[in-house]
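Subject: Handing over a structure

Hello,

Here is the structure I promised to pass on to you. Please open it next to this message, and then read on for what turned up in it.

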Amino acid sequence: MIRVRRSAERGHFDHGWLNTYHTFSFGDYRDEGFMGFRDLRVLNEDRVKPGDGFGTHGHRDMEIVTYVLEGELAHRDSMGNGSVIVPGDVQYMSAGTGVRHSEFNASDTRPVHFIQIWILPAAEGLAPRYDQKRFDDSQKAGRLCLVASGSPRDGAIEIRQDVRLYATVLKPGGSISLDLEKGRYLWAQALRGGVDLNGNRLEAGDGLSASEETAFQCAAGESGAELLLFDLA
């Protein structure tokens, strides 16, 4: 069964400094039909104005992955980590027993545009941890690049859940295929451009869930495409 979540159907808040879209229920936005999908709990698309951002705040028992599309995102946390995340970087923070952090636009002139992903952990009460790796467009061009996984493989960031997160960048007319094991589930999120996924047209901001299907074909339109694919237990 395939279900499409259109970009315009997402929760939307413009706070001035932050323009945010919520695929699933989050904060003051609640949609009983979209409380998450499998272990994928939050999928927010955020744009933060220059010099602004999220002040220090806490999380616990959540796997948090950040994927930057444009600009620079400055990160500081109570584990002692500090970095500036740019396009091509994937950042991971396992909140575990508790961590505090801040996220700010590192530029005084340009907005930052990024995807914030929260995944439920396989176990609670674990020690917090952090990782960050770079995956250039050359690694994602015309292929599925595994950027995060519940088991160590192919240089991906290792997270604490049985999820495989792929990123891909397709040139106009380019295509990729993905085969899932029986009993697994797919969430696809279009980030840029447009793509046809098993006969369903997705534009930037659109998402798609698939259950009881194992074979997927993605073909980019005339402007190419960038998307994230979640292989979920």
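**The pocket and its strands**

Five strands, β3 (18-22), β4 (40-48), β5 (53-59), β10 (99-105) and β11 (112-119), each give at least two residues to the lining of the largest pocket. Before going further, a word on the source: this is a predicted model, in which local features need pLDDT of at least 70 and side-chain atom pairs count only at pLDDT 80 or more, while totals for chains, interfaces and linings use all residues. Residues are numbered from 1 along each chain as its sequence is written, and side-chain values use heavy atoms, with hydrogens and water left out.

Strands (E, at least two residues) and helices (H or I, at least four) are DSSP runs, numbered from the N terminus. Pockets and cavities are found on a 1 Å grid over the protein atoms alone: a cavity is a set of points where a 1.4 Å probe fits but cannot get out, a pocket is an open set with protein on both sides within 12 Å along at least five of seven lines, and lining residues have an atom within 4 Å of a point. Grid points are joined across faces, edges and corners, and a volume is the space filled by probe spheres set on the points.

The largest pocket holds about 300 Å³ of space. It is lined by 19 residues, and Leu18, His22, Phe26, Asn44 and Phe54 are the closest to its centre. Sorted by class, the lining has 7 nonpolar, 9 polar and 3 charged residues (nonpolar: Ala, Val, Leu, Ile, Met, Phe, Trp, Tyr, Cys and Pro; charged: Asp, Glu, Lys and Arg; polar: the others, Gly among them).

**Two cavities**

How many cavities of 30 Å³ or more does the structure hold? There are 2 of them. The largest cavity has about 50 Å³ of space, and β4 and β17 are the elements that give two or more residues to its lining. Arg10, Tyr21, Thr23, Leu43, Asn44, Glu45, Ile115, Gln189, Ala190, Leu191 and Gly205 line this cavity. They divide into 5 nonpolar, 4 polar and 2 charged residues.

The second largest cavity has about 30 Å³. Its lining is made of Ile64, Thr66, His75, Gln91, Met93, His101, Glu103 and Gln116, with β6 (63-70), β9 and β10 each giving two or more residues. Here the classes are 2 nonpolar, 5 polar and 1 charged.

**A buried aspartate**

Asp89 sits in strand β9 (residues 89-94). With a relative accessibility of 9%, Asp89 is buried (buried is under 20% relative accessible area, exposed over 50%, partly exposed in between, with a 1.4 Å probe and protein chains only). Which side chain makes a polar contact with that of Asp89? The partner is Arg134, at 2.9 Å (a polar contact is a pair of N or O atoms within 3.5 Å; within protein, one must be able to donate a hydrogen and the other to accept it, and residues adjacent in sequence count only if both atoms are side-chain atoms). Apart from neighbours within four places in sequence, Asp89 is in contact (heavy atoms within 4.5 Å) with Thr66, Tyr67, Val68, Val84, Gln132, Lys133 and Arg134.

**Leu227 and the cysteines**

Leu227 belongs to strand β20 and is buried, at 1% relative accessible area. Leaving out residues up to four places away in sequence, Leu227 touches Tyr166, Ala167, Thr168, Leu170, Gln189, Ala190, Leu191 and Cys218.

The whole structure has 0 disulfides (a disulfide is a pair of cysteine sulfur atoms within 2.5 Å). Cys218 is buried at 2% relative accessibility, and Cys145 is buried at 4%.

**Two loop residues with positive phi**

Asn198 lies in the loop between β17 (185-197) and β18 (200-203). Asn198 is not a glycine, yet its phi is positive, at about 50°. Its relative accessible area is 28%, so Asn198 is partly exposed.

Glu212 is found in the loop between β19 (207-210) and β20 (215-232). Glu212 also has a positive phi, near 60°, in a residue other than glycine. Its relative accessibility is 78%, so Glu212 counts as exposed.

Best wishes
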